[in-house]
Amino acid sequence: MARTMTSDARKKDTREKIELGGLIVKAGLRYEKRALLLGALIDVARKIHGDESERARLAAIGAEAFGNDA
């Protein structure tokens with residue numbers, strides 16, 4: 001039973017990582033260096049921490065890119 005739960009958790013984790021990688025591709029950043037991508041993500045995380053207007057602004061840009069209110 002524990003082995004199945006571990007396998008399911010690993011599959012879920014793998015799927016999540018694939019989906020997150022897809023966001024990098026969708027944003028047009030596929031060929032950027034990993035250090036740049038990580039730096040950009042860290043910077044955004046710092047900027048949106050406690051700044052609901054920036055969070056909302058970026059969410060609107062993302063929703064538009066998805067073509068809906070995702």
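This is a predicted model: local features need pLDDT of at least 70, side-chain atom pairs count only at pLDDT 80 or more; totals for chains, interfaces and linings use all residues.
Residues are numbered from 1 along each chain as its sequence is written.

Colour the chain by pLDDT, the predictor's confidence in each residue, from 0 to 100. The protein chain averages 91, and 91% of the residues score at least 70. Helix α1 (residues 2-26) has the lowest confidence, with a mean of 89, whereas helix α2 (residues 34-48) has the highest, at 96.

**Helix α2**

Just after α2, select Gly50, which takes a positive phi of about 80°.

Move to α3 (52-66). Its 15 residues reach 21 Å from the first C-alpha to the last, close to the 21 Å expected.

Next, show the side chains of Arg55 and Glu52, which form a salt bridge with the closest N and O atoms 3.8 Å apart. A salt bridge here is a side-chain nitrogen of Lys or Arg within 4 Å of a carboxyl oxygen of Asp or Glu. Arg55 and Glu52 are three residues apart in α3, so about one helical turn separates them. Exposure is judged by relative accessible area: buried is under 20%, exposed over 50%, and partly exposed in between (1.4 Å probe, protein chains only). Arg55 is partly exposed at 40%, and Glu52 is exposed at 53%.

Then select Arg57 and Glu54, whose side chains meet in a salt bridge at 2.8 Å, N to O. This pair is also three residues apart in α3. Arg57 is partly exposed at 44%, whereas Glu54 is buried at 18%.

**Helix α1**

In α1, select Glu19 and Arg15, which lie four residues apart, about one turn of the helix. Their side chains meet in a salt bridge of 3.5 Å, N to O. Glu19 is partly exposed at 46%. The structure holds five salt bridges.

**The largest pocket**

Finally, display the largest pocket, which holds about 900 Å³ of space. Its lining has 20 residues, and those closest to the centre are Leu23, Ala27, Leu41, Leu58 and Gly62. The elements giving two or more residues to this lining are α1, α2 and α3, with α3 giving the most, eight residues. By class, the lining comprises 17 nonpolar, one polar and two charged residues.

Centre the view on Leu23, which is found in helix α1 and is partly exposed, with a relative accessible area of 40%. From there, select Gly62: the C-alpha atoms of Leu23 and Gly62 are 9.8 Å apart, although 39 residues separate the two along the chain.

**Terms for the pocket**

On a 1 Å grid over the protein atoms alone, a pocket is an open set of points where a 1.4 Å probe fits, with protein on both sides within 12 Å along at least five of seven lines; lining residues have an atom within 4 Å of a point. Grid points are joined across faces, edges and corners, and the volume is the space filled by probe spheres set on the points. Ala, Val, Leu, Ile, Met, Phe, Trp, Tyr, Cys and Pro count as nonpolar, Asp, Glu, Lys and Arg as charged, and the others, Gly among them, as polar.

Key. Side-chain values use heavy atoms; hydrogens and water are left out. The expected span of a helix is 1.5 Å times one less than its number of residues.
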